[in-house]
Structures are given as C-alpha cells and as structure tokens.
Amino acid sequence: MSFGKFLFIPFYIALLAASMMVLDIYKEPTLRHYLPWISFQAWAMYFLAGCTLKGGGKVMLGYLGGAVASVAIMELAPLLESWGLGNAAWPVAVFVVVIPVISAERVPGLNFVPSWFVGAGVYFALITFSASEKLPILNNLPKWDKYLQAGLYLMVSCAIGQAYGIVTVFIRKRYEGMAKGPGKGKAK
C-alpha cells in the first residue's frame, strides 16, 4: 500500500482518539464512570491481546481480576499490619495475592495475565487519586463504596477502550481490503 493510501489509517485512528475526548466532554449523565486515560490504555491492551473479541474479553476479565486482586491486597495488608508485620505487611500481601493472579495463566479465559497487572495498576491509581483529591467523586465515600465506584470507573472505561479497539480493527481491515482493489485478496 502506498503511503498516500496508508495515511487514511492514522487519520481515522486520530479521529477515533479525538472522539474519545469528545465523549469525555459529553459523558454526563449516561457515562459518568468514563475516564479517557483508562480507555486509551485499554484500547492499546486490545491490540496486545491479539485484536480479537476473545482477546478483548480476556482484557475485560483481567481488568476485573486486577481490581479484585487490588482490593484483596488493600484488605490483607492492614490485617497483616495488625498482626505485627509492620513495614513487611504490604510486600507480604502483594506476594500472597500475586500467586493466584499468576495461576490464572492456567485458566482459559483468564489467562491474559498482563491485563490483570494493568487492571490492578489502574485500580490502584484510581484509589490513590481519590485519596489525593484528584478524583473528587470518590472522596468521602465509605471504603467499600469507594472500591465499587473505582471498579465501575475501571470497567466502564475498559469496555469503551475495547469497543474502540474493535472499531479500529474492523475499519482498518475493511479499508485495507478496499485499498488492495478488486480481485487482489482480502487484508490480513
């Protein structure tokens, strides 16, 4: 494909990216749990998972699993601190929780472990932001409500990122097929 024909691809992906920002401007009231920074990296995870619906499903399950693992760590560490582990409580909590997370590698549907780690990292970021006043909607909530709200932000935004991945691949395949011209085969 010539560079001139190729230019359509970055152009429409840039339009998709811009539309994600427009979606953020007009998200109220239906998408109030949408955060574009989560959707952007979830969009990239769709590609890392193989650009398939099955891979996108694994990303979604991994993000959910990462959130559950994060809550497990946040609940286990204070318990370990109360048992006298002091500064070792958080590393021990992480150690204990990472064992079943890595074991998910052996479970079909849950075996895209990178999404667990990204999901957990994003979830921890949401909880951290709420503690630092950067995500005020989570402030002053009881602990379990905060966990739930952070999970909703994570999963709604991840789903939007997965939808953008699906649209990106669909349009690109269709365009590449058309750009090859009639009778020249389908795009990969």
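This is a predicted model: local features need pLDDT of at least 70, side-chain atom pairs count only at pLDDT 80 or more; totals for chains, interfaces and linings use all residues.
Phe8, Tyr12 and Tyr175 form one aromatic cluster.

A pair of aromatic rings is described by the distance between the centres and the angle between the planes. For Phe40 and Trp43, the centres are 5.9 Å apart and the planes make an angle of 40 degrees, which makes the pair tilted. Both residues sit in helix α3, residues 36-48, and because they are three residues apart there, about one helical turn separates them. An α-helix has 3.6 residues a turn, so residues three or four places apart point the same way.

Trp43 has a relative accessible area of 7%, so Trp43 is buried. Trp43 also pairs with Tyr164, in an edge-to-face arrangement with 5.4 Å between centres and 65 degrees between planes. Trp43 is in helix α3 while Tyr164 is in helix α7, residues 143-180, so this pair ties together parts that lie 121 residues apart in sequence. Tyr164 is buried as well, because its relative accessible area is 13% and the cut-off for buried is under 20%.

Now step back to the whole protein. It contains seven helices and zero strands, which gives the pattern α-α-α-α-α-α-α along the sequence. Its C-alpha atoms fill a box of roughly 70 × 40 × 25 Å along the principal axes. Of the 188 residues, 38% are buried. Among contacts with a separation of 6 or more, 64% are between residues 24 or more positions apart.

Ala89, Ala93, Val97 and Val101 are buried in α5. The cover over the buried residues of α5 includes α4 (53-85) and α6 (113-131).

Helix α4 also holds Ser70. What is the relative accessibility of Ser70? The value is 0%, so Ser70 counts as buried. Apart from neighbours within four places in sequence, Ser70 is in contact with Ala120, Tyr123 and Phe124.

Last comes the surface. The protein exposes about 10600 Å², and carbon and sulfur atoms supply 72% of that area. There are 16 positive and 8 negative side chains, and the centres of these two sets lie 20 Å apart.

Methods:
Residues are numbered from 1 along each chain as its sequence is written. Side-chain values use heavy atoms; hydrogens and water are left out. Helices (H or I, at least four residues) and strands (E, at least two) are DSSP runs, numbered from the N terminus. Buried means under 20% relative accessible area, exposed over 50%, partly exposed in between (1.4 Å probe, protein chains only). Contact means heavy atoms within 4.5 Å. Accessible areas come from the Shrake-Rupley method with a 1.4 Å probe; for residues, only the protein chains shown count as cover. Lys and Arg count as positive and Asp and Glu as negative; His and the chain ends are not counted. The place of a charge is taken as NZ of Lys, CZ of Arg, CG of Asp or CD of Glu. Rings of Phe, Tyr and Trp (its six-membered ring) pair if their centres lie within 6.5 Å; planes under 30 degrees apart count as stacked, over 60 as edge-to-face and the rest as tilted.
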